[in-house]
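My notes start from the sequence and the structure.

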Amino acid sequence: MQKEYIHIVLADDDEDDRLFFTDAFSELKMSTKVQTYNDGVALMDYLNQEDAILPNVLFLDLNMPRKSGIECLQEIKSNSKFDNIAIAIYSTSSSEEHIEETFVLGANIYIKKPNDFNALKKVLSDVITINWQYHTSGLNKENFLLRM
Amino acid sequence: MNILSFYRSPIFLRIVFVLSIAIIFFIAAVTYKQINALTNSSNQVLNTYNVAVELEKMYTYINDLETAKRDYIASNDQTIKFAIKIHQKEIEKALLKVEKITKGNKTQREYLKILRSLIKHKYYIVNSILAKDYSNGILGSTELNNDFLSGKKVMYDIRKVINKMITIEESLLNKRNSIYKDNQKTTPLYIYLTLLITLVLLVLSYVKMSKDLNNIKSYNNELLVSNESSNLSEIVGNYGTWQLNLDTNKYTFSDNEYRLLGYEPKAFKANLDDFMKHIHPDDYEMVKEVTLKMIYQEVLPSFTYRIYKTNGELRHFRASGRVVTKSEERILIGTTTDVTEVIIANQEIEERNRILESNNKELQAFNYVASHDLQEPLRKIETFISRLIDKDLDNLSESGQQYLSRINAAAGRMRILIDDLLQFSRTTRAEQVFMKTDLNELLENAKQEQAQLIEEKKAIINNETLPELEVVPFQIQQLFSNLINNSIKYSKENIPPVINISITEVDTESDEKINSITNTKFYKIIFSDNGIGFEQEYADKIFTLFTRLHNKDEYAGTGIGLAICKKIIENHKGYIFANSEIDRGSTFTIYLPKEI
Amino acid sequence: MKAFLKFDFTILTKKFLEEKLSSFGLKYTITGFGEVEFLENIPDEKIEEITSLLNEYGIEIIENQKTVLVQKIKDTIIEMVFKEDAPNVKASVYLAEKLNHSYGYLSNLFSEVTYASIENFIILQKIEYAKQLIVNDKLSLTEIAFKLNYSSVAHLSTQFKNTTGITPSQFQRIIAKRREIANTK
C-alpha cells in the first residue's frame, strides 16, 4: 500500500500508555516509525527544529504537565509549517464537550484510550489506514474529522 | 330621586329651613290680611253707625229748623232767625260729615244729592217764611196753615231719604259683616293647616338631625377605635406612619414613628432634620436624595436604609409612601417599617446559601475528578490484563489463569461502577445547556449505544414518533440509553426482550400523578418491557442511589443507572414513576414538561 | 467578504500541467484526467526532474498498471459521487460499464492494491462530499441526504457517524465554531 514509512509521533506523559502505544504498532503489520515524547514541551521542541522530520500523524495526550495537549494543538495549528500533520487527540476523557472542543481547535481525530490491548491495536490501525486513504485520495484535509 | 333618599340627603334640612321661613312669612301675611280685614270691618261698623247718627242728627236739626220755623210763625221772634241760622249751620255740618263718610258709595251719593236738594227746598221754604212778617198776629188762617204745614211734605221726603240711606248703610254693614264672618272661619283653617305642615316638617327635621348626630357620634367612635387599632397594629407590626403636608411643609409622625427611633411618642415636634439625625452616615446622602425627590416628584418608591436608635442600636428601615389629596390639600403619606429582623435573616440565609453552594461545588468537583481520575489506573489494569491474557495465558498455571480471569471480572465491574459514577456526576454538574432537540434522534443514538446488547439479546424496540423538546441532549440520550439497558438486562431468560415506547400529551388536570404549579402541559413517555419485573413496593426505592433488588451474581449492576435517570428527569423538572409486577414486566413512565 | 470556490479538477490539472510541462519544452498531449502522453522519449534525468517538480505539487507519476486501474476506479467513483446530477444507477453497474471490466474483477483488484474495499471507498467519498456540502452551508441536511441518494437524513446520519464517529450536526457545529474563531482573529 505505501512504499515509505509512516511517521508517527506520540506525546504522552504516562509511561504505561507510551509502552502500550509502541507495543501496539510493533505488532501491527504496517511500516511505521514511532517516536514518543514525555510532554508537550519536549514535543514542541522537536517539531520546531529546523530540519525536523514532521510526522504524518501526531498523537497528543491532553493531560500533560508543563504544556497540555490543547496548548500544543493550538501552537501547531497556528504554524502553517505543520499544516500537513494529521493530529489525533489521544485521551482518557469521553466528555462530549471536550471532544467537540478539540475538533473546533483543529484536531482531526479523537481517540478515547481503549482499555483492551487488542482494541487499541485495532483503533491505531484504523486511524493510520483512514489517514492514508485521505492522504492518497486527495481528500480535503480540512474536513478530515474522525472519532474513535 | 325618591322620597326616602330625598329625606336622607343633606339638602333636606336646608329646604325645610327655607320652607319654614316661607311659611312664617306666609302666616304673617295672612295674619296681616286678617287684621286689616278686621280693622276694615270695625271701621265699616263705625261708619255705618256714624252715618246713621249723623243722619239722625241732621233730621233732628231739620226738625229743629221746622220747629223754629213754626216758632217764628207763632212768635215772630226775630231772634229765632239766629237760631235758624245755627241750625242751618249744624245741618250743613252734618251733611258734610255724611258726605265724607259715604264718599265711596255711589248710591248714597245719589241719595245725598236728593237730600241736599230736599234740604235746599226746605231752606227755601224756611227762608220764604222768615221773610214774612208774622207780627200782625195771625194772618189769614189758610196762609198760616199752609205756612205751618208747608214743610211737612219735605220733612216727610227728607225722612224717607234719610231712612233709605240708613237702610243702605245697614245692608252694607250686614254684607260686610257676613264677609267678615266668612273670613273669620276660613283664615284659622289655613293657618292651622300650614302650622300642621310646618310641625310635620320640623318633626322630620328633628328626627333627621338627631339621627345624623347619632351617626356622627358612632362614626366618631369607630374612628377612635380604628385609630386605636391602627396605633396598635403599628406597634405590633413594628412600623410607623408619617404625613407631610406638601403645601405647608409640615410633618406629622404617628406615635410609633417616634418609638421606632427609640423616643417616647411626641417627644419632639415632627420634623425631617431630627429624624435624619439618626440615619447611618453611609446612607445619609442616599436618603437625603430620595427625600428631596419625594418632595418634588410627590412619590416615594420603597427603599431601605439604616438608622441608629437613641440607644445606639443599629436598625434597618424600609420607607415608602404616596401622595393623597384631601380637600385640596396634598399630603404625602408614608410608612417606615423596621425590617431589621428580615434583613438579618436574609443575610444569614444568603450566607448559608453561599456556603452550601460552595460545598456543593466542591463535592461535585470531587465527584467528577474522583471518577475521572480513577479511570486511569483502572484502564491500565484492564489493558495489562488483556495483554497478559493475550500473550502469556498459556504460561500461567491453572490457578494462575483462574485468578487472572477473576481479576479481569473484578476490574470489569469496577469499570462499570466508575463509568456509572462518572455518568452520575455529569448529570449533576451546574452548567447544562437546554436546546430544542428531536427526541427521536436521541432515541436512535441511545439505541446505537446499546447496539451490542440489543444485538446480543435480539431485543426489539418499538417506538412511536417522539416530538421535539427543549432538553439537555446528552442527558436525555443517557436517560433513554439507561432505560433500554435496564429493560434488556432484566429480561426473562431465553425470551427476547421487547420494549415499547409510547407517548401522549397530558396536563396537570387530567393526570393526578403530576402536581406542578409552574407547568401545565407535559409529554408522557412510557417505556414498557416484558422482563422479569419487580415488586411494586420497591417502585420508589429503585430510584435511590446504590439501591439494588438483586445481588451481583444474579444480575450485574451498580444501582446507579436509575438514580441517574431520576436525576436527569429532575434536571428537566419532570417526573418518573415505575410500575411492575413480578414476571409481568415493568413500565417506566416519564413526564417531561412541554415548556421549560 | 467570503467566496466559496468549486474546483473543476480536470480543467485545473490540465492547465497546470500545460504550464509546467511547457517549461520543459517537451512535446506531449494530455489524453485524459491524469493521463499525459509524451510524444518523444525522455531521458531518465529529465524524468527525475519532472518527477521531483511534480512531486512538489503533490503530483505523483504512477507506474504500475494495476495502480493505474485502481486510480481510474477511484477517479470514476469520485466523478460519480461528485456529479451535479448523479445518475441513480448502482455503483457496480456504473463502474463495470465505464471501465469495461467486471465489477468482481475491479473489486478484487481494488482490495488487493489498497487493502480496502470499493464500497468503503464509495462511502468515504460520499461522506466527503457531504462534508463539503455542509461546509458550503447552502443546503440543509435533508437536502444533502437527498442529493447523495440516501433514503433519509437518518440513513445519512448513521453512515456519517459510522465513518467519522460524529454526527452530521456535530460536524456542522464544529465547522461553524471553527469559522467563528477564524473570523475573530
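These entries cover the cavities and their linings.

I worked on a predicted model, where local features need pLDDT of at least 70, side-chain atom pairs count only at pLDDT 80 or more, and totals for chains, interfaces and linings use all residues. Residues are numbered from 1 along each chain as written, chains are lettered from A in the order written, and side-chain values use heavy atoms without hydrogens or water.

I took a cavity as a set of points on a 1 Å grid over the protein atoms alone where a 1.4 Å probe fits but cannot get out, with lining residues having an atom within 4 Å of a point. Points join across faces, edges and corners, and a volume is the space filled by probe spheres set on them. I counted three cavities of 30 Å³ or more.

I looked up the largest cavity, which holds about 180 Å³. Its lining has 15 residues, and B:Trp242, B:Leu272, B:Phe275, B:Met294 and B:Tyr305 are the closest to its centre. In chain B, strands S2 (250-253) and S3 (299-308) and helices H7 (272-276) and H8 (281-297) each give at least two lining residues; helices (H or I, at least four residues) and strands (E, at least two) are DSSP runs numbered from the N terminus.

I then took the second largest cavity, at about 60 Å³. Its lining includes A:Ile130, A:Tyr134, C:Glu128 and C:Lys131. Helix H5 (117-137) of chain A and helices H6 (118-136) and H8 (153-164) of chain C each supply at least two residues. The largest share, four residues, is from H6(C).

Conventions:
On a 1 Å grid over the protein atoms alone, a cavity is a set of points where a 1.4 Å probe fits but cannot get out, and a pocket is an open set with protein on both sides within 12 Å along at least five of seven lines; lining residues have an atom within 4 Å of a point.
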